[in-house]
Amino acid sequence: MKPHAGYQLGDLAAQLWAGDGVRCLAEMAPGSIDLVVTSPPYFVGKEYDTSTSIIDFCTEVRRAIPAVRHVLRPGGSICFQVGNHVQKGSLTPLDALIVHEMMRESEFVLRNRIIWTFGHGSHAIKRFSGRHETILWYTKGNNYTFDLDAARVRQRYPGKRHYKGPKKGTWSGNPLGKNPGDVWDVGEIWDIPNVKANHIEKTDHPCQFPAALVRRLVVALCPEGGVVADPYMGSGTTAVAALLEGRSFAGAEMDPNYLSIAEERLSALVEGRLRTREDVPIRLPRDGEAVSQRPPHFR
Ligand SMILES: C[S@@+](CC[C@H](N)C(=O)[O-])C[C@H]1O[C@@H](n2cnc3c(N)ncnc32)[C@H](O)[C@@H]1O
């Protein structure tokens with residue numbers, strides 16, 4: 001296989017393959033990748049899903065894991081993003097029941113199960129509406145990269161001080177910010193907004209990561225100048241996040257329409273015209289501004 005398209009941004013390179021991502025990983029040099037961030041199709045009826053069967057999900061993940069192991073360097077990481085499989089109202093949490101068992105068999109070590117919550121989505125009527133997905137972060141071995149300082153976020157109350165004990169009166173928070181924790185709220189205005197209809201990053205891909213979600217993983221888990229891969233890259237968000245954070249990228253997409261979206265996003269990035277959520281300040285209602293009001297008949 002040969003890359004379909006290549007992009008250069010200073011010393012950084014992004015290579016995009018057209019076709020099967022697992023084959024693409026298997027053909028890369030062993031140990032050549034520092035971090036894989038990916039969301040495989042999980043067969044829930046999206047446009048790109050070829051079936052709705054859990055068996056097909058298992059087959060695909062079982063096929064992908066050895067290729068990921070081959071391509072990751074010792075100490076490298078894989079972040080697997082999945083949600084629930086839903087069939088006839090019955091839920092199967094794919095991360096815990098399927099992905100984790102297979103990753104453990106392949107001797108990957110689970111470091112975090114990150115809950116990614118968002119405020120919007122379809123409204124269920126026979127159960128509570130689903131508002132989270134998960135990212136399973138595994139390492140290949142124990143000597144792994146984790147740069148917590150690069151991923152710290154601002155404290156909600158940065159001016160807090162110790163109120164008793166020998167440190168009484170001194171600042172209690174880390175001046176570099178706090179550990180973001182393992183629940184990432186993409187619906188909250190101070191964290192990572194989800195990619196919904198009017199989001200600045202929205203493309204025609206039905207299932208896009210917010211770039212900021214991947215950027216947090218990249219800065220914490222991939223050394224500067226390292227290489228990130230995504231074998232199911234969709235609209236190319238992992239590629240965008242890698243280049244924005246000073247890492248190179250290699251990835252594949254099977255659907256030519258989505259591949260074109262990824263190519264356009266990378267062209268825009270290298271030409272300096274790509275916009276991401278951080279470029280757009282969050283607008284809060286001004287004092288006295290009319291915002292939607294509770295209708296009188298609501299309880
Ligand atoms: C959940 S989406 C990924 C979305 C991506 N994270 C983004 O931000 O746009 C999964 C993608 O995998 C692609 N795909 C499915 N099977 C594939 C395969 N064997 N090789 C490469 N891509 C595949 C689908 O077309 C789809 O775009």
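This passage looks at the surroundings of the ligand and then at a set of paired strands.

In this predicted model, the ligand is surrounded by 22 residues, and the closest are Gly 21, His 205, Ser 235, Thr 237 and Glu 253. For Glu 253, an N or O atom of the side chain is 2.6 Å from an oxygen atom of the ligand, and for His 205 the corresponding side-chain distance to a ligand oxygen is 2.8 Å. Phe 209 takes part through its backbone instead, with a polar atom there lying 2.9 Å from an oxygen atom of the ligand. On its own the ligand has 610 Å² of accessible area, and the protein covers 96% of that area.

Attention now turns to the strands. Strand E1 spans residues 5-9 and strand E2 spans residues 12-18; the two run antiparallel and are joined by 5 bridges. Within this pair, Leu 9 is found opposite Leu 12 of E2. The hairpin that E1 and E2 form has 2 residues between its strands, and Gly 10 adopts a positive phi near 60 degrees there.

E2 has a further partner in strand E11, which covers residues 248-253; here the strands run parallel, again with 5 bridges. Gln 15 stands opposite Ala 250 in E11.

Conventions:
Residues numbered from 1 in each chain as written. Predicted model: local features only at pLDDT ≥ 70, side-chain atom pairs only at ≥ 80, totals over all residues. Heavy atoms only, no water. Near = heavy atom within 4 Å. Polar contact = N/O pair within 3.5 Å; in protein donor to acceptor, adjacent residues only side chain to side chain. Areas by Shrake-Rupley, 256 points an atom, 1.4 Å probe, with all protein chains shown as cover. Pairing = 2+ DSSP bridges. Helix = DSSP H or I, 4+ residues; strand = E, 2+ residues; numbered from the N terminus.
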